[in-house]
Amino acid sequence: MNFQRFFINFLIGGCCLAGRFLATAEVVIDINRGVMKPTQIAIPNFHGSTPLANDIAYVVARDLESSGLFTLINPQAYIQSFPSFATRPQFKDWHLIHAQILLHGNVTLAGDKIDVTFKVYDVISQQVLDQFSLSGRAKGWRQMAHMVADTVYTRVTGEKPYFNSRIVYIAETRKGKRRTKRLAIMDRDGANHKFLTRGNTLVITPRFSPVDQEITYFTYLEAVNARGRRSSRGGRIYRFNLQTGRTDAIGNVRGISFAPRYAPDGQSLIFSIVHKGISSIYTFDLRTRVMRRLTHENCIDTSPCYSPDGRRIVFNSDRGGSQQLYIMNADGTDVRRLSFGQGRFATPVWSPRGDWIAFTWLTPGDFYIGVMRPDGTGQRMIAKGYLVECPTWAPNGRVLMFTRQELNGKTHLYSIDVTGYNERPVPTPQEASDAAWSSLIQ
Amino acid sequence: MKLRYFGALVGCLALAACDSDKEEAITTTEDSAQVDTGTAADFIATAGDRVFFELNKHDLSPEAKATLERQAAWWKAHPDKEFVVEGHCDERGTREYNLALGERRANQAIGFLVDYGVSENHIRGYSCGKDRPFEILGANKEEFWRQNRTAVTVVQ
């Protein structure tokens, strides 16, 4: 396997996506050549008597740049200045510095309330593409900035928004053999970081509810004897309410429940239970607390994930001898194998847009993050490493985040465009793994 | 020059010893010190507490079976003791699958121990997946992986 082939695959994927852009946006983003040509955007300082005006403009610029689809033109190159928000742009001045999009805004603060008005100009056609006003509480200014960035992103690229979202993940520290794994949450851009657990238990694989302020995760349980020796007591799935801080254990099961994920309506969980060495897939209705077993093979069935319409389930299983991806109906019928070929396939995650399934491909040399169509075709790898795993989709199905562990054991999060372009590290205060992306915050 | 290296080496060992569990400190001295019969240290010294597996496998090797036979014999001499079998995996797998695989390894060892006379009521098994590695990364990657593809029997 060489990387050249993957690169050619990006090009093919890129062509399909470019078609979508052409249909929806005035400014065409050129990703035909695999190497994308980002849109040049100018964002002069927002107007307003409050320092928040510049803070908001800064957050908007950082959001847009992080997508890889925009390049911010250095403000020192700007020719025109705006004495007021009403000043009409001199389009030739912006054209001269190669700006394609101009974003200008005005921010007013009255007591605890903040109003943001902004205009998106297409420099080439010399038109206002969009004009919007938002208002809210001043302390929510970062969210408002993300909403401005989402509006510009959507208007220019034709993609759905994703900046105004959050990430839950596992913050890791190590001392000798002993690892601490704490649940942590942050805004998509790393702001408002908060630890949710103390670190006295090992927590892994958190997942966001698609509809509620709630997450689910797995915790290892341990016993410590009089001599301080720790021994395992298995583990179980918990739910955590982000508003109340309340924690709930899921179901009283024989065996260990793990690998939880919410159904798209948020009303039930799907997970594995392992008992006497056999791992099977179950669903658990959060209202009726009824548990239902979906698979009955003498093997490992795990990492289940629903399609966005809730009608299908993709999971990984070694029923055929090696770890591969399978797909079945939501009631467990019509099981079909999805992945073939060398290596092992794991951690399937259905895109919220429904068009791709992200997965981990394990080879004796490296691990890869890849995507395939829900019928198993169109497979291509978008990232690789000594150990990459746990892909998660942005709410718009355009960007992914994943865990990469280096050979020296250090583990961090990365984000990448579905085309395999724009891979970048996600900064976190400690080492990080197992990211899960929230839905868009409305 | 050589002496200075030696000094550094001793320093490393001392640090490593501070980090490790008390249990292991006992095992390293078992040759010289008297080990009380029926203790965890006695179990490790007479039976051996660990068996190893191939990559992504849970079959028991002849060596593993020999170790488990000694563990079962030890238990029969101390039938009041309880065993917890922890199944571990190396990091060359995905987290959730390895959780299942660790359970399968623990279960395989338990099945053998029960067949050889350990009471089912005195033995439990749990998976540690790849999240509580038994060994930490040293110079030799292959050896580090091998050490973590293990089922460890802990005397309660």
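1. Read along the sequence, chain B follows the pattern α-α-α-β-α-β-α-β-α-β. This amounts to 6 helices and 4 strands, where helices (H or I, at least four residues) and strands (E, at least two) are DSSP runs numbered from the N terminus. The model is a predicted one, in which local features need pLDDT of at least 70 and side-chain atom pairs count only at pLDDT 80 or more, while totals for chains, interfaces and linings use all residues. Residues are numbered from 1 along each chain as its sequence is written, chains are lettered from A and ligands numbered from 1 in the order in which they are written, and side-chain values use heavy atoms, with hydrogens and water left out.

2. Chain B has 156 residues, of which 47% are buried; buried means under 20% relative accessible area, exposed over 50%, and partly exposed in between (1.4 Å probe, protein chains only). Of the contacts in chain B with a separation of 6 or more, 71% are accounted for by residues 24 or more positions apart. Contact here means heavy atoms within 4.5 Å.

3. Chain A contains 4 helices and 29 strands. Of its 442 residues, 56% count as buried. Among contacts in chain A between residues at least 6 apart in sequence, 44% join residues at least 24 apart.

4. The next point concerns the interface. Chain A contributes 53 residues to the contact and chain B contributes 41 residues. The area buried between the two chains is about 4100 Å², with carbon and sulfur atoms giving 50% of it; buried area is the accessible area (1.4 Å probe) that two parts lose on being put together, summed over both. On the side of chain A, Lys177(A), Arg227(A) and Arg229(A) lose the most area to chain B, together 17% of what that side buries.

5. Between chain A and chain B there are 6 salt bridges, a salt bridge being a side-chain nitrogen of Lys or Arg within 4 Å of a carboxyl oxygen of Asp or Glu. In one of them, the side chains of Lys181(A) and Asp131(B) meet at 3.2 Å, N to O. Strand E11 (residues 230-241) of chain A gives the most to the side of chain A that touches chain B, with 5 residues.

6. Leaving aside neighbours within four places in sequence, the residues in contact with Arg95(B) include Glu172(A), Lys181(A) and Ser433(A).

7. Ser433(A) lies in strand E29 (residues 431-437) of chain A. Is Ser433(A) buried or exposed? With 0% relative accessibility, Ser433(A) counts as buried. The side chains of Ser433(A) and Glu172(A) are joined by a polar contact of 2.6 Å.

8. In helix H6 (residues 141-148) of chain B, Phe144(B), Trp145(B), Gln147(B) and Asn148(B) are buried. Seen down the axis of H6(B), these buried residues fall within an arc of 160°, so they line one face of the helix; the arc is that of the directions from the helix axis to the C-beta atoms. They pack against strand E1 (50-52), strand E2 (83-88) and strand E4 (150-155) of chain B. Asn140(B) caps the N-terminal end of H6(B), with a side-chain oxygen 3.1 Å from the backbone nitrogen of Glu142(B).

9. Ala259(A) has a phi near 55°, a positive value in a residue other than glycine. Ala259(A) is placed in strand E13 (residues 256-262) and, at 2% relative accessibility, counts as buried. Lys276(A), with phi near 50°, likewise has a positive value in a residue other than glycine; Lys276(A) lies in the loop between strand E14 (268-275) and strand E15 (278-285).

How values were computed: Polar contact = N/O pair within 3.5 Å; in protein donor to acceptor, adjacent residues only side chain to side chain.
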